[in-house]
Amino acid sequence: MSNVSQLRCINCGRTYQPRPGLYTCPACGPVDGILDVEYDYDYINKAISKKNLAADREPSMWRYRPFLPVAQEGTLPPLRVGWSPLYRAGRLASELGLKELYIKDDGINPTASLKDRPSAVAVARALAEGAKVVACSSTGNAASSLAGAAASVGLKAMIFVPGRAPQGKVAQLLIFGATVISVQGTYEDAFRLSAAAIAEHGWYNRNAAINPYLVEGKKTVCLEVAEQLQWEVPDWVVLAVGDGCTMAGAWKAWVDLKKAGWIDRLPRMLGVQAEGCCPITRAFREGTRVRPMEENTLADSIAVGVPRNPEKALRAVRDSGGTMINVSDDEILAAMGVLGRTCGVFGEPAGVAGTAGLIKAVREGIIKPDERVVVLVTGNGLKDVANAIKAAGEPIRVEPSLEALHKALKDLKLPN
């Protein structure tokens, strides 16, 4: 990887050259020794430019290959990941009293979530290292994305999910041919078992909180936002936070672009957690280390009571001058309806937690009416149909006659 200069421990500052199996700082250990990928920006600027991108017809995240920790030549997974739409959300902006609001819909990725981005990087690196098996623990979306990406290139996927993982996500895993281990416990239990199995068998580790390269895949969502906004930086980027990796990746995109000289300022980051599982928000507000919490929210993809990558997320929010906010499950369900009704975007609970946070942040005066805001929707609503029905309600049931229909529609206010 000629574009990668080194890996740096965010705890002690030691640097390392990339090598297979090196995921965390040996001196600090797997909990504190999270590594950060550092780049040769001179190399990047020789390999790619804004002008090159404007002419590039590659409709995927690989258009930013020089910004990614993969071989600059060689095999990549074939599924089209990324280059998801950025919608100008005029109706929602009007309802909220905002001048300029954009919705980034990452639910259109191959397995319907943002997690396809880091999984594509994981599979590319696994292929380069000659791995035969890739593995991870997940509340659902990371697992689905890894299983799909692995299937596309013929790798075996071993997936560990907590017993509460939604059936829609488990079905995806099985369809993609993954071996699925349903751990009858919490996400933390699934993570620990996967870590032990990976260490014992030498499988390629796709756990994003451990493997530093996967944050780099996540950052492509905001590389796209920057390009789609013609390199004009928004005032706020809003997203849901679980283990912290997506926040870390979203922020890393802006930092990399600024270091490369492509933008002249950075946005503020608003991280949103569920009230029933908000260890990172609590640490942010108290100025303390993250302490475990129960996983008490219907937003399963961000129900991470023991986040493994909180420090990068906390630093992203603090360094950006941003903040953290919590939302209730009821606010999340309401946001699913608001987003669908005003934008035609169908997000799962965790996917729209950022939208719920935006609504609350505007109400509390955190985000001002004249600020430009981008909200990331990280997963499609078909991932969790049961909660979508909770949010939307049941259909109107009628007998097959006009008389019954007229009676049912009598109290509805329909446009003429």
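1. Touching here means heavy atoms within 4.5 Å. Axes are lines fitted to C-alpha atoms, for helices over the stretch in contact; angles run from 0 to 180 degrees between N-to-C directions. Helices (H or I, at least four residues) and strands (E, at least two) are DSSP runs, numbered from the N terminus.

2. On provenance: this is a predicted model, where local features need pLDDT of at least 70, side-chain atom pairs count only at pLDDT 80 or more, and totals for chains, interfaces and linings use all residues. Residues are numbered from 1 along each chain as its sequence is written, and side-chain values use heavy atoms, with hydrogens and water left out.

3. Two strands pair if DSSP finds at least two bridges between them.

4. Leu101 is set opposite Val373 in β13.

5. A second sheet involves β1, β2 and β3. It is open, has 3 strands in the order β2-β1-β3, and its pairing is antiparallel. The edge strands, β2 (15-16) and β3 (35-39), each pair on one side only. Strand β1 (residues 4-9) meets β2 over 2 bridges in the antiparallel sense. Arg8 has Thr15 in β2 as its bridge partner.

6. Now the record. UniProt, in an unreviewed entry, places the feature "domain: Tryptophan synthase beta chain-like PALP" at residues 81-379. Such positions are given in the numbering used here, feature names are shortened, and annotations may be inferred rather than shown by experiment. Over residues 81-379 the chain is 46% helix and 17% strand. The end C-alpha atoms of that stretch are 13 Å apart.

7. Which way do α5 and α6 lie to each other? They are oblique. Angles under 35 degrees count as roughly parallel, over 145 as roughly antiparallel, 65 to 115 as roughly perpendicular and the rest as oblique. Helix α5 (residues 116-128) packs on α6 at about 40 degrees, with the axes 8 Å apart. The crossing is right-handed. A crossing is left-handed if the near helix is turned anticlockwise from the far one by less than a right angle, and right-handed if clockwise. Asp116, Ser119, Val123 and Leu127 of α5 meet Ala142, Ser145, Leu146, Ala149, Ala150 and Val153 of α6. By class, that contact has 7 nonpolar, 2 polar and 1 charged residues. Ala, Val, Leu, Ile, Met, Phe, Trp, Tyr, Cys and Pro count as nonpolar, Asp, Glu, Lys and Arg as charged, and the others, Gly among them, as polar.

8. Helix α6 (residues 141-153) also meets helix α7 (residues 167-175): their axes come within 8 Å and cross at roughly 20 degrees. α6 and α7 are therefore roughly parallel to each other. Their crossing is left-handed. In α6, the contact uses Asn141, Ala143, Ser144 and Ala147; in α7, Lys169, Gln172 and Leu173. The classes are 3 nonpolar, 3 polar and 1 charged.

9. The last pair is helix α10 (residues 220-228) with helix α11 (residues 245-259). The axes come within 7 Å and cross at roughly 55 degrees, so α10 and α11 are oblique to each other. α10 passes α11 in a right-handed crossing. Cys222, Leu223, Val225 and Ala226 of α10 meet Ala250, Ala253, Trp254 and Leu257 of α11. This contact counts 8 nonpolar residues, no polar and no charged.
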